[in-house]
Amino acid sequence: MKAVWRWVVLVMLAGLLLQLFFAARIAAMLVIDPQSTAFERSEAWRVLTEKGELRWRQQWTPYDKISNNLKRAVIASEDDSFVNHDGVDWDALEKAWQKNAQAEERLAKVRAQAARQQSRTPAKTTAQPPRPVKAPKVVGGSTITQQLAKNLFLSGERTFLRKGQEFALTMMLEAILGKQHILEIYLNSVEWGEGIFGAEAAAQHYFHKPAAQLSAYEAARLAVILPRPKYFEKLPNSSYVAGRAGIIANRLESAELP
């Protein structure tokens, strides 16, 4: 029994030391701008191994050199209560949970109906194989701070342990850095296409201008790309991007900056 307790204590101590390590790294960001994130490094390695070339466009740009249009557009699109929550938007999280549960329920009904129809088909009757039922799209509800915590330090796996660590990192980021610095790091490191990281690289890639000069509509278009950057990089002028950008552009004035 003593051996079990010894291992429990060692695991708890290791967990505490890990949190202190993360806290120290976050505190260092107060004076040293992070040059890369875990997500950026993993993406660069993936592209290098798959395509044999290193794709990494990024240029750190200070907060006051990034267009307020882009700051407002990203907040309006990704996290409209960014300045008011403590790192986790509990209302958005609850809504996302409900949407996912409803989607899973609809999926179960569709699959049950398909199974009943299949069972009624006579065995000797040649029938078309049932079309596969797509799994519902998972709605996240993550805040900008949570996204930054994941991108900075964690992998993309979906486990309770990883989500727990994401929550702890989110609280550390909020307590140590504050909203403005969190948004600055996020805008300088988030992905806007394959090998395109940060606002400056995105502005140059899509509009051939500095991030400081983005118009409201250009900023809104970049915000639309964020959820699926690799997909929309190939379709930057699609009707969906244009329509959604118009909606976000109209919401810029209501987006509060830190």
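## Nonpolar core

The largest nonpolar core comprises 49 residues, and Leu70 and Trp192 have the most contacts inside it. A nonpolar core is here a set of buried Ala, Val, Leu, Ile, Met, Phe, Trp, Tyr and Cys residues joined through side-chain atoms within 4.5 Å; buried means under 20% relative accessible area, with a 1.4 Å probe and protein chains only. Among the elements that give two or more residues to this core are helix 1 (2–28), helix 3 (68–78), helix 6 (160–176) and helix 9 (216–225). Helix 9 supplies the largest share, six residues. Helices are DSSP runs (H or I, at least four residues), numbered from the N terminus.

Beyond residues up to four places away in sequence, Leu70 touches Trp192, Ala199, Leu214, Ala219 and Leu222; contact means heavy atoms within 4.5 Å.

## Model and conventions

The model is predicted: local features need pLDDT of at least 70 and side-chain atom pairs pLDDT 80 or more, whereas totals for chains, interfaces and linings use all residues. Residues are numbered from 1 along each chain as its sequence is written, and side-chain values use heavy atoms, without hydrogens and water.

## A buried glutamate

Glu174 is found in helix 6. Glu174 counts as buried because its relative accessible area is 16%. Leaving aside neighbours within four places in sequence, Glu174 is in contact with His85, Asp86, Gly87, Thr145, Lys179 and Ile182.

Methods: Buried < 20%, exposed > 50% of the residue type's maximum accessible area, 1.4 Å probe, protein only.
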